[in-house]
Amino acid sequence: MPFTLPPLPYSTSALAAQGMCQETLELHHGKHHNAYVTALNGLIESKGLAGKSLETIVAEAGKAGADGLPVLNQAGQHWNHALFWQVMSPKGGGDKLPGNLAAKIDSDLGGLQAFKDAFKQAGVSQFGSGWAWLIIGTDGKLKVTKTPNGANPVSTGEGTPILGCDVWEHAYYLDFRNVRPNYLENFLNKLVDWEVVAGLMDKGGLTTGQTA
Ligand code: MN3
């Protein structure tokens, strides 16, 4: 079955008061994300992807290095955006994290503010397009990391993402112009739904259920 654009879990105007306007969501979800889905579906036959889950395709494309890039660029971005829409919500924001997530951020990353600083630094320092991540590392500890373009911590083998932020300009240009640090600050303080992030930590990450 071909891949599909997952619907947003809220309306395109739902995050406007939190710094992500309707036009950003219409374009980013309806045009950019949809283009990755369409392009990935166009590769299923030629790249022998039929029957594989999206997660398997991302991991295998990452292991294939340069040869895997044409698939990773589309499959990774499809997966990354599927996570991105889920970790934001109209109920997002604030500094009240579920206890299990707060405790693990304290023990593994030195507290909420240290985590936010590290996440912002990862996003600001990613040259060009890419993603900032909070992941469960292969040693079981939370880590902050970043990846370029369509790569992600599944494709690099670093671990399991539970929070991701798109730092390509299309994610923030309408709301924050060229000021990526302000977009990242706003994302962490107003948009992230920490209940969802804690749920992903408990579940061991996102499984899209999508198969080629
Ligand atoms: Mn994007």
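**Sheet architecture and the manganese site**

In this predicted model, strand β1 (residues 130–137) pairs with β2 in the antiparallel sense over seven bridges, where two strands are taken to pair if DSSP finds at least two bridges between them, and where strands (E, at least two residues) and helices (H or I, at least four) are DSSP runs numbered from the N terminus. Within this pairing, alanine 132 stands opposite lysine 146 in β2. Three strands make up an open, antiparallel sheet in the order β2-β1-β3; β2 (142–148) and β3 (159–166) are the edge strands, each pairing on one side only, and the twist averages 30 degrees from one strand to the next. Helix α4 (residues 99–109) packs on the sheet and touches β1, β2 and β3, its direction making about 80 degrees with that of β2. Contact here means heavy atoms within 4.5 Å, while axes are lines fitted to C-alpha atoms, for helices over the stretch in contact, with angles running from 0 to 180 degrees between N-to-C directions.

The manganese ion is coordinated by His28 (NE2), His81 (NE2), Asp166 (OD) and His170 (NE2), at 1.9 to 2.1 Å; donors are N, O and S atoms within 2.8 Å of the metal (3.2 Å for Na, K and Ca), and sites may look incomplete because water is not among the atoms. Along the chain, the donors follow the spacing H-x52-H-x84-D-x3-H. Since histidine 81 lies in helix α3 (residues 69–86) and aspartate 166 in strand β3, the pair ties together parts that are 85 residues apart in sequence. Both histidine 81 and aspartate 166 are buried, that is, under 20% relative accessible area, with exposed meaning over 50% and partly exposed in between (1.4 Å probe, protein chains only).

Residues are numbered from 1 along each chain as its sequence is written, and side-chain values use heavy atoms, with hydrogens and water left out. As the model is predicted, local features need pLDDT of at least 70 and side-chain atom pairs count only at pLDDT 80 or more, whereas totals for chains, interfaces and linings use all residues.
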